[in-house]
Amino acid sequence: MASKILCLSLLLLTTSAGATQATPSFDQVAGEIQARERTAHRDRQLTLRDIQQERARLTRTLRQLQSELASADKKLATEKALLDKLSRQRNTLKQDIGSRLASKEELDTVLLDFVGNFLARVEESPYSAQQPESLAKLRAFSANGHVFGMADVKTLFDLYFTDMRAGAEKIRYTGNMLDRGGNDIEADIIRLGHLAALHRSDTGTGYLLLSPASGRLVAGAEPPGGVKSNLDDYFDGETDRVFTDITGGAAIRQLARRDTVMNQLRSGGALVIPILLVGLVALALTVERLLFLARVRHNTDELMTRVTALVSQGDWETALRATAPHRDQPTGRVLIAGLQHRGENREIIESSLSEAILRETPRLERFLSALKVAAAVAPLLGLLGTVTGMINTFQVITTHGTSDPRLMAGGISEAMVTTQVGLAVAIPVMMIASFLGSRAHKLSQDMEEKGLALMGALLKWKNNDKQAAA
């Protein structure tokens, strides 16, 4: 309809233009219009065909794309399923790997603990001197950061089973050892499993210890006489029983570390010196007092009986001669002093006897006060050493803490040794001072007793002489 209207409009315009220039005929116009219509129709048909072809192509393309989309969706779903499966497998593997790693760490911890205990025993076993490579391998296993592999585990178990077999063996062989002087010598050695190793050489018989540093056998401390005799008998086959160190060498090492008295005194520090000086002074005074009192006879009853009898008879010369051998004794000097004043009155005789007794008493009691002072000063010096040692110990604790008890051993030794030495000096000095004081007291009593007896005899003779004169 629109095309028709367009044709009519063109016809009218053509008619109008022709009317003005050259007038075409109707048929010409109609033919031209029909031709143009056919052309337009043909163009339309072509266009419609092109459109249909393009629609068909697009339809095929759409179908192809939909098919591809479906395939892609299917593939995507498949891949998603695969991804989920792989994700689950990955999580499972992660858990498995984590579990295996944790088990590996636990196994490494167990193996390291086992190696540590095994190494501690191997380092004390005399068997290691015959198999030094075992010690080296165990030390390599115990190094920080060592990762155990199956070969290491196999080696470790081989070493352990070999060590177990060696622990049940008694082996006698000739080998090298270091004597107590550090000399490498050849000796006859008996190894009793892991318990002990014995040696007999030109230097003697004794126990052997393993040096962890060098892996060599070293002679231990010299055993006591009875133990040494037992070891010799065991080497000679005269007995099948032998003393062994079941502590794994600790007892032998303790014997080797046995301190001398001098070393123990040195551990007490400087305060031991004045305590020992006090002890030496007390010892010198004690010896002097014992020698002095040993020369003094306190049993003068026989002498006194004879002198009394002679005084009652008035035989003064004989009484003086009987007393003369005792002039070195305190009681003898007291009697001589009384006899020399026999003609005097009571007061003079009593004064002479008292003066003689007072003159002798200080000689008997000489140095006893000094001994008592020494007995009191020695424990006080020991107490001072105790305080000093504890102060040193606290200073060590303040500086280094309490992690290492060996650092505190010096202060504790100083405290204990000074106390021990102080008491060791004070107790015997106190007992000796008491003994000497008792001895001096008895001698003083003997002098007073004999002096009073002599004064009584003199006064009795004097009264008898007066009565005879009257």
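**Entry 1**

Where is Phe367 found? I looked, and Phe367 is in the loop between α12 and α13. I am working with a predicted model, where local features need pLDDT of at least 70, side-chain atom pairs count only at pLDDT 80 or more, and totals for chains, interfaces and linings use all residues. Residues are numbered from 1 along each chain as its sequence is written, and side-chain values use heavy atoms, with hydrogens and water left out. For my own notes: helices (H or I, at least four residues) and strands (E, at least two) are DSSP runs, numbered from the N terminus.

Most residues other than glycine have a negative phi. I also checked its cover: Phe367 counts as partly exposed because its relative accessibility is 32%. The cut-offs are under 20% relative accessible area for buried, over 50% for exposed, and partly exposed in between (1.4 Å probe, protein chains only).

**Entry 1: domains and record**

I found two domains in the assignment, domain 1 (124-255) and domain 2 (273-469); such bounds come from an automatic or database domain assignment. Taken over C-alpha atoms, their centres are 62 Å apart.

Next I checked UniProt, where an unreviewed entry puts "transmembrane region" at residues 268-287, 373-397 and 417-437. Those positions use the numbering here, feature names are shortened, and annotations may be inferred rather than shown by experiment. In the model, residues 268-287 are 80% helix and 0% strand, with end C-alpha atoms 27 Å apart. Residues 373-397 are 100% helix and 0% strand, and there the end C-alpha atoms lie 36 Å apart.

**Entry 2: strands**

I followed β4 (residues 204-210) and saw that seven of its seven residues are buried. Strand β3 (residues 196-201) runs antiparallel to β4, with five bridges joining them; two strands pair if DSSP finds at least two bridges between them. Ala197 stands opposite Leu208 in β4, and the β3-β4 hairpin has two residues between its strands.

On to β5 (residues 217-219): β4 pairs with β5 over three bridges, also antiparallel. Leu210 has Leu217 in β5 as its bridge partner. Six residues sit between the strands of this hairpin, and Gly215 there takes a positive phi near 70°.

Which residues of helix α3 (residues 132-141) are buried? I listed Ser134, Leu135, Leu138 and Phe141. Seen down the axis of α3, they fall within an arc of 125°, so they line one face of the helix. That arc is of the directions from the helix axis to the C-beta atoms. These buried residues pack against α2 (26-122) and α4 (150-167).

**Entry 3: cores**

I looked up the largest nonpolar core, which has 46 residues; Val311, Leu339 and Val429 are among those with the most contacts inside it. A nonpolar core is a set of buried Ala, Val, Leu, Ile, Met, Phe, Trp, Tyr and Cys residues joined through side-chain atoms within 4.5 Å. The largest share, 15 residues, comes from α14. Leaving aside neighbours within four places in sequence, Val429 is in contact (heavy atoms within 4.5 Å) with Ala282, Leu371, Ala374 and Ala375. Apart from this core lies another of 12 residues, including Phe118 and Phe141.

**Entry 4: a last residue**

Ile349 is in helix α12 and is buried, with a relative accessible area of 0%. I compared Ile349 with Leu209: they are 140 residues apart in sequence and 83 Å apart in space, C-alpha to C-alpha.
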